[in-house]
Amino acid sequence: MDLDLRRLRYFVAVAEHRHFGRAAQALFLAQPVLSRHIRAFEQELGFALFTRTTRSVELTPAGRQLYEEAPRITTVVDAALRRVEEAARGEQRLIVAFSPGLHVSDAIRTFTARHPEVEIDVFPLRWWEQDAPLRDGRAHVGYLRRPFDDAGLRTVPIGHETKVACLPVTHPLAGRPTLTSADLDGEPILDVRTRRTSSLEEKFELIASGQGIALVPVSVAGAYSRPDLVYLPVTDAPPVGTCLAAPESSTAGPVQDFLAIATATLRRNAGAAERAEAGAAVPAPEGGD
């Protein structure tokens, strides 16, 4: 079965607007033309995508599933076309993704000094998104925290980070110097399984307002210090591993050169950070600036 990408984009517009007229306006199409394309798309697929009445347009179960899949499909295609266009222009571009709190700038500077012909873009990852941009083509290489699905990826260990508990300053435990996992039993934990937020800023705003607590890597705590939150070491929390990752299919060119350079640079930085943390009396900042 062939997938018509133009009609897929038309389908997404109708699914978002739940109205053929408004979707047609957004697409700069006549409504009858859009309706014909959607009917033809449904015939090509062999099933209905919408349930239509005189008052509403609703997605069928198949339509809801396609609507969930569509962003991944279009992202992969757009990324592939971008790479083809860059190759046609003779450009070399490397997109480096990084998890919140992790810094890859030293590695980029070292790489750029040796490979000035390669253009570098950075891709900040959302806190709950790890390997997806490496799989759909939005990024070539990533500086990530485990755990994530590393199937089909080449990973290079870099270092480890401790986790700290993030609590509002009004929390009964906020005055403790350290915590254990047992201290947090029964506490509402905000994580990807319980409440997915669109950003760390949103997550910390919920914590500050008393909606729950979170366990975060110490580098994230350092990057998001605010007076209404405290970060307390959890003495028995297992460390979080950091690593570089790239698709196994990336076997040559800028990706491999970047991995070699970044491995040495980031391991050196991670080692210095771990030694500094081990020598500090309190490894994570408490609330305040």
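Let's start with helices α1 and α2, covering residues 5–17 and 20–27: in this predicted model, the two pack with their axes 8 Å apart, at an angle of about 130 degrees. How do we describe that arrangement, α1 against α2? If you follow α1 as it passes α2, the crossing is right-handed.

Now, which residues make this contact? From α1 we have Y10, A13, V14 and H17, and from α2 we have F20, R22, A23, A26 and L27.

You'll find D191 in the loop between β7, residues 163–168, and α7, residues 200–208. Is D191 buried or exposed? Its relative accessibility is 14%, so D191 counts as buried, since the cut-off for buried is under 20%. And what does D191 touch, if we set aside its neighbours within four places in sequence? The contacts are with W127 and R196.

Finally, a word on cysteines. C166 has 0% relative accessibility, so C166 counts as buried. C243 comes out at 1%, and therefore C243 is buried too. How many disulfides are there in this model? The count is zero, because a disulfide needs a pair of cysteine sulfur atoms within 2.5 Å.

So, do have a look at the structure above: begin at the contact of α1 with α2, then go to D191 in its loop. Thanks, everyone!

Technical notes
Residues are numbered from 1 along each chain as its sequence is written. This is a predicted model: local features need pLDDT of at least 70, side-chain atom pairs count only at pLDDT 80 or more; totals for chains, interfaces and linings use all residues. Side-chain values use heavy atoms; hydrogens and water are left out. Buried means under 20% relative accessible area, exposed over 50%, partly exposed in between (1.4 Å probe, protein chains only). Helices (H or I, at least four residues) and strands (E, at least two) are DSSP runs, numbered from the N terminus. Contact means heavy atoms within 4.5 Å. Axes are lines fitted to C-alpha atoms, for helices over the stretch in contact, and angles run from 0 to 180 degrees between N-to-C directions. A crossing is left-handed if the near helix is turned anticlockwise from the far one by less than a right angle, and right-handed if clockwise.
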